[in-house]
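Student: I have a new structure to read. Could you walk me through it?

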Amino acid sequence: MASSEPNSVYYDSRMFPSVGRIYMAATEQGICRISLPAHPVEDFFKSVIGKHNPSIFIENSTLFDSLYNQLEEYFAGRRGLFSIPLDLRGTPFQLQVWEALTRIPYGETRSYGEIAGKIGRPKAVRAVGQANHVNPVPILIPCHRVIGATGDPVGYGGGIPLKKQLLTLEKKFRCNFLSAPL
């Protein structure tokens, strides 16, 4: 991701018929933010500025071609894992939670409590929920796969209907993907 400006952030958006318009941003290191349709575009730019303090925003649609292709494959049930460089910024705890989320197999779910246990912090269930809430790259880091202790889809920044839609999509195409359980 070459740029002539120091501390640049690139951005673009794309309409995905099944979910709506998704905004995305990237630094030289990788994708740093994905904003789902439930979020106002102003919040997208505020969050990027807050985490990355760019000197300039550069609109660049071709930079995101690989991500667009992978998201289209995901929404069509042909992709279970993403191979996109990420630029994640968070606390050590948040990074640990986000890493654990990437190990939830496609088409499966885990509770907040299970994630807390997997990272060795069994009493940090609410903190796991908060880390999910501030996940900067939803779908790529599949926070939609985390559910409440009762099995209900709760607490998704993109909205519960989108969370249910993503979980239904993954259950439908789950047989296409084999992976090791978390």
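This is a predicted model: local features need pLDDT of at least 70, side-chain atom pairs count only at pLDDT 80 or more; totals for chains, interfaces and linings use all residues.

Student: How do I read burial?

Tutor: Buried means under 20% relative accessible area, exposed means over 50%, and partly exposed lies in between (1.4 Å probe, protein chains only). Helices (H or I, at least four residues) and strands (E, at least two) are DSSP runs, numbered from the N terminus. Take helix α2, residues 65-75. Its buried residues are Leu67, Tyr68, Gln70, Leu71, Tyr74 and Phe75.

Student: Where do the buried residues of α2 fall, seen down its axis?

Tutor: For this we use an arc, that of the directions from the helix axis to the C-beta atoms. The buried residues of α2 fall within an arc of 165 degrees, so they line one face of the helix.

Student: What do the buried residues of α2 pack against?

Tutor: They pack against β1 (8-16), β2 (20-26), β3 (31-35) and α6 (160-173). Contact means heavy atoms within 4.5 Å.

Student: How do I read a core?

Tutor: A nonpolar core is a set of buried Ala, Val, Leu, Ile, Met, Phe, Trp, Tyr and Cys residues joined through side-chain atoms within 4.5 Å. The largest one here has 40 residues. Those with the most contacts inside it are Ile31, Ile34, Leu67, Phe75, Val97 and Leu101.

Student: Which helices and strands each supply at least two residues of this core?

Tutor: They are β1, β2, β3, α2, α3 (92-101), α4 (112-118), α5 (125-133) and α6. Apart from this core lies another, of 6 residues, among them Val9, Tyr11, Ala25 and Val48.

Student: What is Ile34 in contact with, leaving aside its neighbours within four places in sequence?

Tutor: Ile34 is in contact with Ile22, Tyr23, Met24, Leu67, Pro136, Val137, Pro138 and Leu140.

Student: Now two helices together. At what angle do α3 and α5 pack?

Tutor: Axes are lines fitted to C-alpha atoms, for helices over the stretch in contact, and angles run from 0 to 180 degrees between N-to-C directions. Under 35 degrees counts as roughly parallel, over 145 as roughly antiparallel, 65 to 115 as roughly perpendicular and the rest as oblique. For α3 and α5 the angle is about 80 degrees, with the axes 9 Å apart. The two helices are therefore roughly perpendicular to each other.

Student: Which residues make the contact?

Tutor: Phe93, Gln94, Val97, Trp98 and Leu101 come from α3, and Ala127, Val128, Ala131 and Asn132 from α5. The residues of this contact divide into 7 nonpolar, 2 polar and no charged. Here Ala, Val, Leu, Ile, Met, Phe, Trp, Tyr, Cys and Pro count as nonpolar, Asp, Glu, Lys and Arg as charged, and the others, Gly among them, as polar.

Student: Which residues of α3 are buried?

Tutor: They are Phe93, Gln94, Val97, Trp98, Ala100 and Leu101. They cover an arc of only 160 degrees around the axis, which puts them on the same side of α3. They pack against α4, α5 and β6.

Student: Last topic: phi. Where do positive values turn up?

Tutor: Just after α2, Gly77 takes a positive phi of about 80 degrees. Asn53, a residue other than glycine, has a positive phi near 45 degrees. Its place is in the loop between α1 (41-52) and β4 (56-59). Ile139 is another non-glycine case, with phi near 80 degrees. Ile139 sits in the loop between α5 and β6 (146-147).

Student: Are Asn53 and Ile139 buried or exposed?

Tutor: Asn53 is exposed, with a relative accessible area of 56%. Ile139 counts as buried, at 3% relative accessibility.

Methods:
Residues are numbered from 1 along each chain as its sequence is written. Side-chain values use heavy atoms; hydrogens and water are left out.
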